[in-house]
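Biologist: I would like to learn how to read helix packing from coordinates. Could we work through a case?

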Amino acid sequence: MPPGVVSFDLDGTLWEFAPMMDGALAAAIGSLERRHPELAGRLTVADLHRHRELVGQAMQGTLEQLRRESFREALKSVGGDPQLAEWLGDELLAARADVVGVHSDVEPVVDELLARGHVVGAITNGNFPFEQLALAERFAFVVHAEHVGEMKPAAAPFRRAAELAVADAARWVHVGDEIGTDVEGAQAYGMLGVWLNRSRRPVPEGVHPDGEIASLHELPDLVDRLLADR
Ligand SMILES: [Mg+2]
């Protein structure tokens, strides 16, 4: 059987988003307090979430722009120098890669898919600095949807991935934790959509994933079964 392509969503699929982001925000606050001890205890993770939410309601921009603007607002709110926001944004990005808890099934399954000859890549709506992880060396492509102008489930990020992999959508399995974004988006583009349902939620009505798995360990055999029919 000729190999296929397996693309993964990142946040919520290869790791849990909230603990990664909370850990990274706490680390960024730690960096700020080491550089400016006079600000120690002035900002909390909850404060940074609140400022990010307000900025998201007030303006448009990339995830990175919104985050940095929210840092400017947070710094201003405690009498800090808003120009520190750029530096703090860099600290946060670095911290995200440091604190992320990649699920234990990711590496062995990526290796197994590669051993079976498949191409492995990622398609994300987020801005996690994936290339900072050693794991990224095994990925043939990483598409950040906001860089191609449309978020999943729109076609553009899937199209970009297919261009990068120089592969046919018909022999492509996309795996993600969000039914509407990942499964339906991939299916609309002609790819197979597999729902990674780690918490075993019920499948919403009217949605028909090509496969549903509770752990990535089920994925390599599922991919081979799905592609055998194509
Ligand atoms: Mg996700």
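Biologist: At what angle do α2 and α3 pack?

Modeller: Axes are lines fitted to C-alpha atoms, for helices over the stretch in contact, and angles run from 0 to 180 degrees between N-to-C directions. In this predicted model, local features need pLDDT of at least 70, side-chain atom pairs count only at pLDDT 80 or more, and totals for chains, interfaces and linings use all residues. Residues are numbered from 1 along each chain as its sequence is written. Here α2 and α3 pack at about 120 degrees, their axes 8 Å apart. That makes α2 oblique to α3, because angles under 35 degrees count as roughly parallel, over 145 as roughly antiparallel, 65 to 115 as roughly perpendicular and the rest as oblique.

Biologist: Which residues of α2 and α3 meet?

Modeller: Two residues are in contact if their C-beta atoms, placed from the backbone, lie within 7 Å. On the α2 side these are Asp47, Leu48, His51, Arg52, Val55 and Gly56, and they meet Leu66, Arg67, Glu69, Ser70, Glu73 and Ala74 of α3.

Biologist: What should the 15 residues of helix α3 span?

Modeller: The expected span of a helix is 1.5 Å times one less than its number of residues. For α3 (residues 63-77) that should be 21 Å, and the end C-alpha atoms are 21 Å apart, which agrees. Just after α3, Gly79 has a positive phi of about 75 degrees.

Biologist: How does the α5 and α8 pair cross?

Modeller: The axes of α5 (residues 106-115) and α8 (residues 219-228) come within 9 Å and cross at roughly 35 degrees. Val109, Glu112 and Leu113 in α5 meet Leu219, Pro220 and Val223 in α8.

Technical notes:
Helices (H or I, at least four residues) and strands (E, at least two) are DSSP runs, numbered from the N terminus.
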